[in-house]
Amino acid sequence: QLSCLVKMVTLHGIPEDLDNYPKDLLLFLSPSDYAATGSCRQYFANIGKANLGVLQRESSQRKQLLLEALACLKIPGARVSEENAEILGHLVCDLGGEYIRASGGSLVKRLSQCDSFLPDQEEAIRSVISSGNTTFGPPAAWSAFTLNELSGLIPVFDHSILQKIPK
């Protein structure tokens, strides 16, 4: 339905008020379509707020969105800053394990909002959490507040992490 709606909305060119349309609609436009009305950074900031679930997790369209976002934000290598993570929004859920490891704590809180993870991502999350190099510190220093902040990641934690968390 969204794909069809995009065709209707863009029938006579790209509307200048695209930011007023539902964010999910933007998933079916390319950054070059959006470029006439704003910057690619703005486009991906809007995409980051969209419901990525309307595209299948491993779909080529969703993978392409992530690749274009990384290129737009000029992210060198695999390290994603907190500022760029904020722009990526829900797209951080598609970043591979190498990005999670290289970015360390800057992605942890945002990753806790993801619905599911691939094995590679889970392993990277456990590695970053175990290292203690996050704004939350090592698991041995966590409080109930910390667990609440990271509640989406709890299913990923293994025994070695869980046993370090104070009762």
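Where does Ser59 lie, in a helix or in a loop? Some friendly notes follow.

1. Please keep in mind that this is a predicted model, with local features needing pLDDT of at least 70, side-chain atom pairs counting only at pLDDT 80 or more, and totals for chains, interfaces and linings using all residues. Residues are numbered from 1 along each chain as its sequence is written, and side-chain values use heavy atoms, with hydrogens and water left out.

2. Ser59 lies in the loop between helix H4 (40–47) and helix H5 (60–72); helices are DSSP runs of H or I with at least four residues, numbered from the N terminus. With a relative accessible area of 17%, Ser59 is buried (under 20% relative accessible area, 1.4 Å probe, protein chains only). A polar atom of its side chain lies 2.9 Å from the backbone oxygen of Gln56.

3. Gln121, Ala124, Ile125, Val128 and Ile129 are buried in H9. They cover an arc of only 130° around the axis, so they sit on the same side of H9 (the arc is taken from the directions from helix axis to C-beta atoms). Just after H9, Gly132 takes a positive phi of about 80°.

4. Leu88 is in contact (heavy atoms within 4.5 Å) with Gly48, Ala69, Leu73, Ile75, Val80 and Leu95, leaving aside neighbours within four places in sequence.

Key
Helix = DSSP H or I, 4+ residues; strand = E, 2+ residues; numbered from the N terminus. Buried < 20%, exposed > 50% of the residue type's maximum accessible area, 1.4 Å probe, protein only. Polar contact = N/O pair within 3.5 Å; in protein donor to acceptor, adjacent residues only side chain to side chain.
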